[in-house]
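Subject: Structure handover

Hello,

Here is the structure to look through. My notes on it follow below.

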Amino acid sequence: MTETAPDLARLRGGAPPRNHDARTIAALTANPGCARRGLMDAAGVDKDAVARTLGFPTPFGQSQFAITRGNAFEAQVKADGCAELLTLLRERLGLAVPEVAYDDLEVVAGNEGRELRHTRTRRLLARALESGEGTLFDHPLLRLEIAGQLAYLEPDVIAFQVAGRLHVIEIKSFAVVDGQAEPEQVAAAARQSAVYVLALRRLVAELGHDPSRVSHEVFLVCPENFSNRPTATPLDVRPQLAVLERQLARLTRIDRILEELPEDLTFEPGDALDASVRAVEARYAPECMGGCEMAFFCRDEARACGATGALGRSVRDDLGGVDTIGTALALADGSLSPSDDLAETAAQLRAAARLRAEALLAVRDGAA
Amino acid sequence: MSALTSLAQLQAADAGIAQPLATVRHCHVADAPLVLVPLKLAGEAAAPLAVMLGSAPDDASLLVVPQPRNRDLRFAFAADLAKLVLNHIETSRGAVEELPPGKEGEERIRYGNAPQFLVPNRGGVAFLRLLGRSTRFRSTEGPYAVDPAVPVLGRWLTWFAERYDHPGSSLLRAMTEVLRLHWATGQSSLEDGNLAALVGWIDPPDGLDGPAAAAQAEDPVVWPPAGPATDPTFDNEVLAPAIAAYDRSGGDPRTEERLRTAVASQLTPTWELMWRAVGLLRALPEGASVPGRWERDRDAFTYYHQTFGEAYPQARRDPPVRAARRLHDLERAQDAYDAQRAFDDPLVMAEYRLAGQAFGGTVTACEPERLDETGKRPKLRPRVRIATEDPVRLDVGTTVCNAARPALKGRIVELGGDGVLLELTGGMGRKLVPEPGTVPREGDRVVFTSLTEGSWGAAKFPDRENTPWTHGGPPEEYTPTDEDAEEEWS
Amino acid sequence: MTEGGTRSLFPVAAPVPAADDLDPSAAAARVVEEVLADLAGAHRGVVVDSPPGAGKSTLVVRAAAHVAAAGERLMIVAQTNEQVDDLIDRIAEKHPGITLGRLSASGYLPSERVLARPSVRVAQKADDLAEHTVVIATAAKWATLSDGSWPWAIVDEAYQMRSDMLLRIAGRFERALFVGDPGQLDPFSTVEVERWAGLAWDPMRSAVSVLLAHNPDLPVHRLPVSWRLPASAAPVVSEAFYPFTGFRAGTRPEQRRLEYGARGMGTTYDRALEEAASTGWALYELPARHTLRTDREAVQATAALAVRLLQRGPVAHSEQGANPVGADRVAIGAAHRDQVTAIRAALGPHGAGITVDTANRLQGREYDVTVVLHPLSGRRDATAFHLESGRLCVLASRHRHACVVVARAGIPELLDAHPSTEPVHLGVPVKFPDGWEANQSVLAHLAAHRVPAG
């Protein structure tokens with residue numbers, strides 16, 4: 001535990017930290033410049049609950065059709081001791097998988113305590129690394145330190161040992177059609193797999209082995225074309241691993257954000273919640289809507305103060321440092337004379353305004 | 001994105017209503033386009049749930065797959081869809097125009113018209129592409145036989161999806177993209193992906209402004225998503241029970257009707273939006289080069305229609321030569337399309353002016369009959385000086401042309417405080433005095449640009465059988481296999 | 001596909017040089033000999049990766065002479081007219097006995113350096129050059145030929161060439177030597193190219209990448225020594241942009257020295273120039289601010305540094321002797337064309353003759369001193385364009401003596417805040433180095449050479 005841990009507990013208002021899973025950890029890389037998100041995530045604050053309390057519930061629902069499809073596909077791939085999966089690994093990827101042992105680490109003698117499950121994962125993997133015994137380890141329960149907290153990772157992958165190396169196998173229900181899948185979905189899968197690779201590597205290192213025995217090549221198992229038949233595709237997650245490692249390193253710098261904040265700040269539900277959230281600076285961009293529970297709150301805040309960033313990252317960049325719509329328009333119509341800093345932006349905005357007006361006027365005159 | 005577009009967005013946010021990004025319409029809008037609003041089952045690649053389609057606002061057909069996981073029902077849906085779509089294709093091509101014979105004396109024709117498909121968004125295009133992919137290889141005989149119209153539909157959908165990739169083509173368009181080409185809203189491009197919000201900004205209903213209309217549009221109860229993804233809450237609370245009831249009843253028509261009603265409630269608002277959007281586009285005057293691009297579309301359509309019987313279904317992926325050739329065609333089309341839009345529309349040209357690739361202003365001095373007598377024969381080389389406030393970023397010596405009349409060409413001789421000095425080099429007739437009206441006069445307002453249309457020549461590519469060793473040698477010619485035809489669609 | 005079967009452009013090689021023990025000239029010569037030996041072998045193609053200034057052109061000239069000496073006709077493919085003229089100049093200079101044909105488009109006006117060579121004939125039709133041993137043209141010109149065949153080709157700057165261009169010209173030759181720098185800018189397109197992602201023949205991949213995907217057994221050599229980059233720069237560029245293959249400087253630190261004839265006046269410009277002269281690098285850092293791309297202060301500082309450099313009468317001491325650094329030996333690099341225009345305007349008459357260009361156009365060029373406007377200076381959000389490692393690599397590897405980078409403070413924070421949500425396509429080899437890492441690596445080095453403005 002780091003020195004910031006008591007502060008982080010206070011931020012949660014005494015509530016237990018929200019569990020991280022690979023998805024939430026991977027999401028840390030989506031907007032790393034956002035102090036609000038960084039802090040709330042580091043503290044394990046339930047952002048969904050906070051957003052709801054503030055009147056901005058997130059509409060991230062999932063259709064039961066998608067859930068059913070995902071579960072059915074996973075069950076099918078894993079049926080009969082992963083029979084279909086093994087066929088794939090052997091035939092599609094041409095791997096020599098001699099003998100097969102399948103260990104499911106999800107349930108330990110009726111007791112699903114996380115400590116126990118993690119211990120069992122450690123023990124089995126330790127043996128596998130020593131002796132080469134074991135092939136498929138389903139639902140390994142892994143741990144990763146996130147901002148001083150040990151987070152358990154929801155186990156929905158298989159660790160696969162072949163030729164002395166461990167690979168992560170990730171089963172996803174989006175389709176691979178003619179060798180390609182939705183790039184955003186593949187990217188999300190790669191980010192999540194990277195979290196598992198990293199956690200596995202840390203575990204392997206703890207067990208006294210070379211972490212590179214966990215391969216950066218993961219196997220993505222998806223339905224092929226329009227069928228339920230699985231196909232496996234190797235996926236190199238080195239870029240995602242690099243990003244993840246540097247973002248985790250950055251999270252530990254959360255103490256710098258904390259230093260700037262009032263000492264009694266808390267995200268506990270109550271009258272002060274709104275002010276508390278606003279006390280931590282957000283870096284809202286429209287892309288946040290795709291993955292952060294706070295996005296609708298932050299969007300409302302950004303729009304209310306006329307932030308140019310609410311229109312998109314590129315808009316803000318085009319305006320070279322002008323943060324608000326009002327200022328930009330005042331510079332454009334000449335009603336505000338720019339400071340030296342903004343002289344250039346102002347000149348460009350005025351030129352843009354003149355050219356727009358000229359073109360629109362020409363057409364109006366032509367039509368008249 | 002440019003600073004000009006960004007400014008328009010700021011103005012839209014400030015005014016509470018969308019601002020024009022174009023003064024003319026840059027795409028063709030057919031008299032009777034085929035509007036398609038597809039929905040797919042969540043979690044599946046391309047399992048159709050429903051589509052609402054038709055070529056007039058009051059003529060919507062609704063096709064629904066009552067149990068999207070049932071492959072027979074899916075193929076029945078595909079067959080029904082095929083009949084409607086193919087009928088539209090056949091009735092939209094108009095009369096045959098005879099063209100002058102080609103270089104080798106071959107007969108050339110062009111259909112007087114072509115079908116135009118409109119879908120709400122890019123997701124709709126992707127869905128049609130996948131639906132095309134999943135149906136074009138099907139066999140019409142043997143153990144997995146489908147209705148003969150199904151693979152025909154698959155090939156046409158694939159063809160339209162490929163034309164969508166072609167810059168400037170209007171055969172298949174996504175409405176959100178077309179609208180965004182013509183208007184800037186006060187929200188981000190991501191939010192513009194919601195058709196209802198986008199139309200809300202452009203044409204807010206009475207009593208609302210853009211932001212209020214867009215806020216309403218984000219409530220899936222008021223405005224169901226424009227597809228192909230459905231609203232998860234609808235899935236869980238309405239669709240799933242309705243499908244379950246249908247299953248339990250063993251296909252009772254009454255349960256099917258209830259299902260259709262539920263699905264129609266999700267599609268109708270988008271259907272109406274699509275036609276409102278068509279109306280918004282029709283209200284804009286057509287850009288000068290739009291008919292020319294539509295003619296290219298008609299040529300492409302004529303060719304595919306004429307050769308349909310001889311061709312195989314399109315391959316799954318492009319072989320090397322096809323890929324290279326297609327990339328070249330697309331880049332060429334993009335280049336021409338960008339230039340044509342700028343020449344058609346002063347507001348688009350303004351982007352180039354702001355970027356310094358074009359400049360406009362008043363002619364302050366003019367020598368219309370100046371001759372260059374340094375060569376063997378004198379040449380007509382009028383000079384004009386243009387005062388401009390634009391941030392010109394062109395070098396001396398650059399060739400430019402007149403935005404209003406691109407045939408008039410010139411060369412930049414001098415750039416400085418009192419404007420740009422141009423020496424005109426072409427587009428003034430063949431004599432030593434310019435044709436009347438060709439050379440701008442003092443006081444005229446003119447725009448010149450370095451932009452040119454058609455600077456890309458056609459390129460040569462090897463034939464498939466000459467695919468070089470660097471690219472794996474000649475690939476086998478694609479012929480559909482039984483395996484293709486039997487591909488599972490579950 | 002197993003791991004061993006996946007061929008990356010940057011295979012994880014064992015730290016190359018056992019040749020490290022060799023003297024640089026010997027190490028480089030050994031690779032060149034191996035390349036020439038492979039030309040006599042049975043392979044249809046040979047690839048040579050050449051980091052910045054590693055003697056790529058020298059190799060091309062030698063290989064051309066080698067093939068010509070064996071009595072074979074040879075075609076040479078370059079990417080730009082300027083590169084074609086460069087090669088003609090070098091080959092004609094070194095091997096005046098070789099008959100050279102320059103194939104060109106109708107609009108091409110032969111440059112003086114080409115006209116000055118009696119062994120060179122310029123023609124628009126390949127038939128007119130049938131008797132010439134070596135025929136040289138741009139890839140675009142070669143692609144207009146639909147027949148004719150040469151037993152050998154040398155493809156220069158092959159990583160800059162898109163594979164669709166290779167497809168169009170590969171029918172003209174039987175065998176080929178491909179030479180290029182894998183660390184420079186990737187080919188790009190104005191249209192959506194996702195359709196071909198993951199295909200071994202993706203037309204957007206570089207010519208070399210597609211060639212190796214289909215011919216995995218072709219020998220790949222690496223030139224191990226940069227003769228351009230000084231000892232102060234080679235390790236920095238090598239670590240940041242060539243993390244797996246690496247190269248070293250051909251000269252020792254004491255062999256390169258930059259001196260000024262005129263003394264400085266203690267201004268921040270002078271201090272930056274002095275830092276650059278003594279260490280090979282300087283970071284002229286303006287206060288943090290978000291700006292337009294054509295940030296006036298940064299543009300002025302960039303131009304002023306170049307002008308001030310010339311005013312101080314720089315002399316470059318190197319293995320080539322002591323030479324005054326004139327405007328023709330100084331370049332200014334930037335990411336965007338509008339920045340280039342703005343810098344040119346800011347240079348004024350004192351900066352006449354200084355090359356100002358974008359990274360794309362500076363590829364393959366060499367100068368004594370460069371001034372670089374950092375692509376991320378003043379940006380609030382980095383885009384893939386700004387982060388492309390090849391862009392920074394080109395800008396940071398054009399100099400023989402020193403490189404002055406102009407940037408606003410705050411780039412590390414910008415990199416920290418950069419969201420990593422790039423889409424991923426199946427089957428596309430991972431590109432190394434990652435732009436983020438490369439940028440961090442270079443910045444970390446520059447931090448030690450920081451001169452704050454004003």
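Helix H13 (residues 325-332) of chain A packs against helix H1 (residues 3-15) of chain B at an angle of about 115°, with the axes 10 Å apart. Axes are lines fitted to C-alpha atoms, for helices over the stretch in contact, and angles run from 0 to 180 degrees between N-to-C directions. H13(A) is therefore roughly perpendicular to H1(B) (65 to 115 degrees counts as such). The contact is made by A:Ile325, A:Ala328, A:Leu329 and A:Ala332 on H13(A), and by B:Leu7, B:Leu10, B:Gln11, B:Ala13 and B:Asp14 on H1(B). Residues are in contact if their C-beta atoms, placed from the backbone, lie within 7 Å. By class, this contact has seven nonpolar, one polar and one charged residues. Ala, Val, Leu, Ile, Met, Phe, Trp, Tyr, Cys and Pro count as nonpolar, Asp, Glu, Lys and Arg as charged, and the others, Gly among them, as polar.

This is a predicted model: local features need pLDDT of at least 70, side-chain atom pairs count only at pLDDT 80 or more, and totals for chains, interfaces and linings use all residues. Residues are numbered from 1 along each chain as its sequence is written, while chains are lettered from A and ligands numbered from 1 in the order in which they are written. Helices (H or I, at least four residues) and strands (E, at least two) are DSSP runs, numbered from the N terminus.

Next, chains C and B. Their contact takes 26 residues from chain C and 25 residues from chain B. On the chain C side, H6 (163-169), H7 (207-214) and H11 (337-347) each give two or more residues. H6(C) gives the largest share, four residues. That side divides into 13 nonpolar, seven polar and six charged residues.

Now strand S2 (residues 74-78) of chain C. Five of its five residues are buried, so S2(C) is largely enclosed by the rest of the structure. Buried means that 20 or more other C-beta atoms lie within 10 Å of the residue's own. C:Leu74, C:Ile76 and C:Ala78 point one way; C:Met75 and C:Val77 point the other way. S2(C) pairs in the parallel sense with S6(C) (residues 150-155) over four bridges. Pairing needs at least two DSSP bridges. C:Met75 has C:Ala153 as its bridge partner there. S2(C) also pairs in the parallel sense with S5(C) (residues 134-138), over five bridges. In that pairing, C:Ala78 stands opposite C:Thr138.

Last, an open sheet in chain C. Three strands form it in the order S11-S13-S14, with antiparallel pairing.

Best wishes

Terms used:
A residue is buried if 20 or more other C-beta atoms lie within 10 Å of its own, exposed if 12 or fewer, and partly exposed in between; C-beta atoms are placed from the backbone. Angles under 35 degrees count as roughly parallel, over 145 as roughly antiparallel, 65 to 115 as roughly perpendicular and the rest as oblique. Two residues are in contact if their C-beta atoms, placed from the backbone, lie within 7 Å.
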